[in-house]
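Q: Can you take me through this one? I have the sequence and the model open and would like the main points.

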Amino acid sequence: MKQFIALAALPLMAAPAMAAPYVESKTTTALVDGDYTGAQTELRVGYDAAVGSGVTVFGEIGPGYEWRNGQDGQGVAVGEVGINFPIVDKLSGKFKVAGEYGFDSEVFGLGGELKVRYTF
């Protein structure tokens, strides 16, 4: 859990020229082969900061609750850190690492995502 908190706090350690704290609610749900598998609702506190040349770093952390179809739900701690960056004119990227710790299951999950976006 200590590594999770340190990872989530990483962007907060930079000395940005412009920064903005925020609060965000996020709900995700899924269907697999037409069957509802569950949902998760999270409340996150975040911070993003411009670090120069169009690059922005961000970090979020907070509690959530996970409902799984046919199973007991559980409270979770969630966090995410990432970076948004320009590649060339009208083409940008986003990279993030997200983690989740289930209080009842005592399972720590870690994942990542890379997006590339072209804006017309």
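A: One term to start with: a polar contact is a pair of N or O atoms within 3.5 Å; within protein, one of the two must be able to donate a hydrogen and the other to accept it, and residues adjacent in sequence count only if both atoms belong to side chains. By that rule, the side chain of Gln 74 has a polar atom 3.0 Å from the backbone nitrogen of Ser 105.

Q: What kind of model is this, and which rules apply to it?
A: This is a predicted model, where local features need pLDDT of at least 70, side-chain atom pairs count only at pLDDT 80 or more, and totals for chains, interfaces and linings use all residues. Residues are numbered from 1 along each chain as its sequence is written, and side-chain values use heavy atoms, with hydrogens and water left out.

Q: What is the mean pLDDT of the chain?
A: The mean is 88, and 85% of the residues reach 70 or more; pLDDT is the predictor's confidence in each residue, from 0 to 100. Residues 1-8 have pLDDT below 50, and this stretch has 18 contacts in the model beyond near neighbours in sequence. A contact means heavy atoms within 4.5 Å. Over residues 10-16 pLDDT also stays under 50, with nine contacts beyond four places in sequence.

Q: Which elements does the chain have, and in what order?
A: There are one helix and six strands, in the order α-β-β-β-β-β-β from the N terminus. Helices (H or I, at least four residues) and strands (E, at least two) are DSSP runs, numbered from the N terminus.

Q: And how many residues, and what share of them is buried?
A: The chain has 120 residues, and 26% of them are buried. Buried means under 20% relative accessible area, exposed over 50%, and partly exposed in between, with a 1.4 Å probe and protein chains only.

Q: Back to Gln 74. Where is it, and is it buried or exposed?
A: Gln 74 belongs to strand β4, residues 74-88, and is buried at a relative accessible area of 6%.

Q: What else does Gln 74 touch?
A: Leaving out residues up to four places away in sequence, Gln 74 touches Gly 64, Tyr 65, Glu 66, Arg 68, Gly 102, Phe 103, Asp 104 and Ser 105.

Q: OK, strands. How do β2 and β3 pair?
A: Strand β2 (residues 35-52) and strand β3 (residues 55-68) are antiparallel, with twelve bridges. Two strands pair if DSSP finds at least two bridges between them. The hairpin they form has two residues between the strands, and Ser 53 there takes a positive phi near 55°.

Q: What stands opposite Thr 41?
A: Tyr 65 in β3 does; Thr 41 itself is in strand β2. Thr 41 is partly exposed, at 28% relative accessible area.

Q: New topic. How many aromatic pairs are there?
A: A search of the whole structure finds three. Rings of Phe, Tyr and Trp (its six-membered ring) pair if their centres lie within 6.5 Å; planes under 30 degrees apart count as stacked, over 60 as edge-to-face and the rest as tilted. One of the pairs is Tyr 65 with Trp 67, edge-to-face at 4.9 Å centre to centre and 65° between the planes.
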